[in-house]
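Work through the exercises below with the sequence and the model in view, and try each task before reading its solution.

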Amino acid sequence: TPTPGATLTQFEFSPDGSILAARGKTSAGTTSPVDSLIDLWRLDERFSTIRAEAGTDRYLVGMGFTATGAFRTLEQSYVETRLNTWNLQTGEGIEQITGLGEIDRQDSLYAFSSDGVNVLVAGAVAGSRILNTHTQTTTALRIGPTGIANGMFSQDGRYLVVATFDNVQVFSNAE
């Protein structure tokens, strides 16, 4: 059972399949603020909920597991983006990266590579790009005029598949 009143929009399994994460939001009414959250389940019960910092304009906009089982969340406000890494066994934060300036507040698609390094970021204003979270460098993707509908990295992180409204494109890591 999800958090009461939650509408869940994204799901991810841990690499070993033992944890299910679901990102979504709740709202008590039309005038109340939206509460973004991530519910975490061991397959038989919800054991934790991660929430954006209360009383702020922060929203949880993306999530993903690394190949080692660490869990990453992307939290965005009007002026700042934070990439958080969590140890789900203890519920504690491991690392926080701030100042990811290449993410636009109007971006709407985030997909994490399993190596925990790259994030596919896409939006109508800033376009489609891959953000390397270690070097904080960005690589623009030449997708075409229709924009991205969805995208995901392969398990080994070597390939990225992107579905546009016209076609499907596969990119490979140049290493």
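Two exercises follow, each with a worked solution.

This is a predicted model, in which local features need pLDDT of at least 70 and side-chain atom pairs count only at pLDDT 80 or more, while totals for chains, interfaces and linings use all residues. Residues are numbered from 1 along each chain as its sequence is written, and side-chain values use heavy atoms, with hydrogens and water left out.

**Exercise 1.** Classify the pair formed by the rings of F65 and F71.

Solution. Rings of Phe, Tyr and Trp (its six-membered ring) pair if their centres lie within 6.5 Å, and planes under 30 degrees apart count as stacked, over 60 as edge-to-face and the rest as tilted. The structure holds one aromatic pair. Its rings, F65 and F71, have centres 4.8 Å apart and planes at 50°, so the pair is tilted. As a further step, consider accessibility, where buried means under 20% relative accessible area, exposed over 50% and partly exposed in between (1.4 Å probe, protein chains only). F65 has 8% relative accessibility and therefore counts as buried, and F71, at 0%, is buried too.

**Exercise 2.** Describe the surroundings of S128, leaving aside its neighbours within four places in sequence.

Solution. Begin with the strand, a DSSP run (E, at least two residues) numbered from the N terminus: S128 is found in strand 11, residues 127-132. With a relative accessible area of 13%, S128 is buried. Next come its contacts (heavy atoms within 4.5 Å), which include V121, A122, T139 and I148. Finally, A122 lies in strand 10, residues 118-123, and is buried at 5% relative accessible area.

Terms used
Helices (H or I, at least four residues) and strands (E, at least two) are DSSP runs, numbered from the N terminus.
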